[in-house]
Amino acid sequence: MTTVSWVEVDEDAGFGIENLPYGVFARPGELPRVGVAIGDRVLDLAAMSAAGLVEDRHYFASGSLNAFMVAGRPAWQANRERVTELLTDASYRAQVEPHLIPVADAELLRPFEVADYVDFYSSEHHATNAGRMFRPQGDPLTPNWKRLPVGYHGRAGTVYPSGTPIIRPSGQRRAPGDQEPSYGPSLRLDFEVEVGFVAGVPSSAGRGVPTSAFRDHVFGFVLVNDWSARDLQAWESQPLGPFLGKSFATSISSWVVPVAALEPARVSPPVQDPAPLPYLRCDDPWGLDLHLEVLINGQVAARPPFASMYWTSPQQLAHATVNGAPLRTGDLFASGTVSGPDREQRGCMLELSWNGQEPLSLPDGTKRTYLEDGDTVTLRAQAPGASGSRITLGEVTGTIHPAQP
Ligand code: CA
C-alpha cells in the first residue's frame, strides 16, 4: 500500500511521508522548537500541539529533542502515526497547512543536547587500511578488532550542527623524520564519513543494554563528520587514544531519522568470524543499506557503503554499556569511518590519498591530499524507505576556516 501525503513532495529528495525526521528550528525572533520535515517544509509541532492537533507533554516547545526522546518508543510511535495521519488525510489539510513552514525560512539548529559522545571504529575496510599504513610490518587488524567494537569517548561539547564553520586546529605534531615536535596549524586536516545513533531512553547503572533492546532505547540516526587532525592525532595518541586531534569539532546533520523509518533499510551485516561473545550476539539483521556520499566543494569524492560495516549499531550499544555504565538521554554513538573495499568507497582523506602519498583527483580536476582552507565538505545519505521510496538522512556540511593567529 502506498501512502501519499497531500503535501507536494519531490520523491527524489527523500523527505517524503515514509521519512518524517525530527529537527529543531527557529525563525528570526522566535524561540527554537521541534519540527518534522515533509518535502521542503517543516511541520511546526509546537504550534500543532498548541492547536490541539498532536499530543504534547511539553515535548515540542523546547529547543531540543531531548524531552521527546526520553518519552520512549510508545510516544515516538504514537506521534509518528498521528503526524502520518494528519499529512495524508486531506480532511486535516485546512487545519494543518498553516503550521507548515518553508525550510528556507527556518534556521535548523542542533537537534538534541549531546550527553556523551562515543566514536567507534567498526569498518573492517577502514581499520585494515589504517593498519596497513601505520603498522606495515604487522597484522592490519589488532587482535581485539573482531572480538569487540573498538571505540573511544569523544568530546560532547564540540558536537556542532551542520553548517558550523570549522576552524583549522593548531597543536603539537612531529613531522616524519623530525626529532623535535613543533606547534602550528594542522597540516593534515581530514573528514570522516560516519553514521551515528542517539539514545532516548536511559538505562540503569550496573546493567548493560542487550542487543534485543536497541529499539527501546534508541531514538534515531544522524550523519556524523568526525573532523580529524591526522598530524596531531599521530603524535599524541601514543599510547592512549584520540585526544586533541579529534576534540576540536564533530558535525552532525540537522534531521534525526527515526529508527522506524529505517526498518526497510535493514540488511544482514557481513558474516562475523569468529562468532562474537554471547553479549554481542544479535540474531536480527541490523546492517543498514545506507548509501553515503561525500562531496568536497560540490565534487563527489567518495561513495562509502554503510551496509559493509562489520559491527552493527545494537552490538555497539551493547558493548558500550556492558560494563554497567548507564545510558543517558542524548548519548551519541558514531559508527567510525565508513569505507568499502574499493578506493572510491573510502570515507576519509587519510585513505583516499593514502596518507598524502596519492593525491585524490576530483571530477573537476582539482587534487587534494588533505583539506585546504575554504574547502567545504558535505556528507549525504540515502536509504530504501517503505513502499519502494527513498529516504534521506539529509546532509551535514562544514567549511574549513583558517587557523586563528
Ligand atoms: Ca571517527
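Biologist: Which residues lie nearest the centre of the second largest pocket?

Modeller: Keep in mind that this is a predicted model. Gln-77, Arg-80, Pro-258, Val-259 and Ala-260 lie nearest the centre, out of 19 lining residues. Helix H3 (73-88) gives the most to that lining, with 6 residues.

Biologist: And where does that pocket lie relative to the domains?

Modeller: Between domain 1 (11-109) and domain 2 (117-401), because both give residues to its lining. Its space comes to about 400 Å³.

Biologist: OK, what about the largest pocket, how much space is in there?

Modeller: About 780 Å³. Of its 34 lining residues, Tyr-121, Phe-134, Gln-233, Ser-237 and Pro-242 are the closest to the centre. By class, the lining has 15 nonpolar, 11 polar and 8 charged residues.

Biologist: Switching to the metal. Which residues coordinate the calcium ion?

Modeller: Asp-119, Glu-192, Glu-194 and Asp-226, through their OD or OE atoms, at 2.2 to 2.3 Å. Asp-119 sits in strand E6 (residues 117-120) and Asp-226 in the loop between strands E14 (218-225) and E15 (228-229), so the pair ties together parts that are 107 residues apart in sequence.

Biologist: Are those two Asp residues, Asp-119 and Asp-226, buried or exposed?

Modeller: Both Asp-119 and Asp-226 are buried.

Biologist: Last topic: what's the strand order in the open sheet of 5 strands?

Modeller: E9-E26-E25-E20-E21, with mixed pairing. Strands E9 (166-167) and E21 (299-302) are at the edges with a single partner strand each, so one side of each has no neighbour in the sheet.

Biologist: How do E20 and E25 run?

Modeller: Antiparallel, joined by 6 bridges. Leu-292, for instance, has Ala-381 in E25 as its bridge partner.

Note on methods
Residues are numbered from 1 along each chain as its sequence is written. This is a predicted model: local features need pLDDT of at least 70, side-chain atom pairs count only at pLDDT 80 or more; totals for chains, interfaces and linings use all residues. Side-chain values use heavy atoms; hydrogens and water are left out. Donors are N, O and S atoms within 2.8 Å of the metal (3.2 Å for Na, K and Ca); water is not among the atoms, so sites may look incomplete. Helices (H or I, at least four residues) and strands (E, at least two) are DSSP runs, numbered from the N terminus. Buried means under 20% relative accessible area, exposed over 50%, partly exposed in between (1.4 Å probe, protein chains only). Two strands pair if DSSP finds at least two bridges between them. On a 1 Å grid over the protein atoms alone, a cavity is a set of points where a 1.4 Å probe fits but cannot get out, and a pocket is an open set with protein on both sides within 12 Å along at least five of seven lines; lining residues have an atom within 4 Å of a point. Grid points are joined across faces, edges and corners, and a volume is the space filled by probe spheres set on the points. Ala, Val, Leu, Ile, Met, Phe, Trp, Tyr, Cys and Pro count as nonpolar, Asp, Glu, Lys and Arg as charged, and the others, Gly among them, as polar. Domain bounds come from an automatic or database domain assignment.
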